[in-house]
Each structure stands twice: as structure tokens, then as C-alpha cells.
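This report describes the strand pairing, helix packing and nonpolar core of the structure shown below.

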Amino acid sequence: MTLFYSATSPFVRKVMLLLHETAQLQDVTLQEVALSPVNANAEVNAANPAGKIPALRLADGSLLYDSRVILDYLDQRHGGPSLVPAGQQRWTCLTLAALADAALDAAVLIRYETFLRPQDKRWDDWLQGQQEKLERALARFEQAVGSELANGFDLAAISVACALGYVDLRQPGMGWRQRYPQLAAWYADVSQRPSMQATQPPI
């Protein structure tokens, strides 16, 4: 299998964490690509018409995208316990993971607006709306520390950890740890996992 990959993409990092946690990393060739909304990559476009990573080319040549589909495929492929619990907990886990993806979407859009868009064309109210969405997600994650995030390093925990890592990378001055101390303690603990250490994005 070939994974179209960037070390700074939080959506790619989710896939990398699952590969590490389920001992599948040796089954995947990483193909690093650089792209942005204004810098397309022809090979990525061929693998995923949306022009986004991650995209996974399977051994038979077929292609999977986006991260949610790839994570589901890889989770069903390994021989260990699923990273999505069964029963009612499944929906709780998937819902929290979806909120983490929404937080990542907001954080990525903030990055694009502040880094790629010329300063005189930036829309402050729109930026504030994305930032408020991110804050609401962090407040929900704080509530989840003693409940959903206490169930081990499952898909929800992987997704939340990637969201927090991306916030640290792109908004290091946000100061979220002071406002969400339980979440900060949880993140400090999971950050010591070998998979988290191995997938730490470059600064």
C-alpha cells in the first residue's frame, strides 16, 4: 500500500497513529507530497479528485480517501481489537471523533486564512467564527476527559490528540491549557505514547 503523506497534516497524522498503534506501518510505503489549496499536486489529484491527503493506494491499485475511510479500512485490516468500541459506545466514539475533525477543519481554515491569504483580504469576523468553533470543541473535549476519553487510545482519542497537536503547531500562543486543565493533563499523558512521539510534526 502507498500512503500519500505530509508530516504536518493532522489528518495524515491520524492515519499514521493508527498504523503505529496496530503494527501496520511496515505494510505501507509513504509518499511525501507538498500541497495547499493554491498548490495542487497532479499525482494526488489522480489519487483523490478532491486533491487532498491522506489518500491510500491499495495493492490492487484501488484508492481510498479521506482519513475517515482510510482509518475504517485499516482498523478492519489488523488482527487486534478494534479502535472503535462496539455497542452504544461506538456512536459516542464516532461522534467525538467527528467533533475533533470539525475542530481540525476550523484550525486548518484559520491557518489558510492567516498564512495564505493576503493580509488586506482577510475576513476578521469569519476568522473569529472559526476560532469560536474551535473553542467550543475544546470545551467539549474537557468534559470528555473523565468519560469518553477514559476508554483508552481509541479512534476518538486519536482524533482529539491530533487536533490538539495541530493547535499547538499552528497556534502556539492560544493558551488552551490554562482554560482546559483536565484536557491538558490528558494530552500530556497521551503525548508520551511511542506512536505520538514518532508522529510529532516538524516545527
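## Sheet

Tyr5 has Glu32 in β2 as its bridge partner. Strand β1 (residues 2-5) and β2 run parallel and are joined by four bridges. The model is predicted, with local features requiring pLDDT of at least 70 and side-chain atom pairs pLDDT 80 or more, while totals for chains, interfaces and linings use all residues. Residues are numbered from 1 along each chain as its sequence is written, and side-chain values use heavy atoms, without hydrogens or water.

The open sheet has four strands in the order β2-β1-β3-β4, with mixed pairing (strands pair if DSSP finds at least two bridges between them). Its edge strands, β2 (29-32) and β4 (63-64), each pair on one side only. Helices (H or I, at least four residues) and strands (E, at least two) are DSSP runs, numbered from the N terminus.

## Helix packing

Helix α3 (residues 67-77) lies across β3 (55-57) and β4, at about 45 degrees to β3. Axes are lines fitted to C-alpha atoms, for helices over the stretch in contact, and angles run from 0 to 180 degrees between N-to-C directions.

The axes of α1 (residues 10-21) and α4 (residues 88-115) come within 10 Å and cross at roughly 140 degrees. Pro10, Phe11 and Lys14 of α1 meet Asp101, Leu104, Asp105 and Val108 of α4 (contact means heavy atoms within 4.5 Å).

## Nonpolar core

The largest nonpolar core contains 62 residues; such a core is a set of buried (under 20% relative accessible area, 1.4 Å probe, protein chains only) Ala, Val, Leu, Ile, Met, Phe, Trp, Tyr and Cys residues joined through side-chain atoms within 4.5 Å. Helix α6 (residues 155-170) supplies the largest share, twelve residues.

Definitions and conventions:
Buried < 20%, exposed > 50% of the residue type's maximum accessible area, 1.4 Å probe, protein only.
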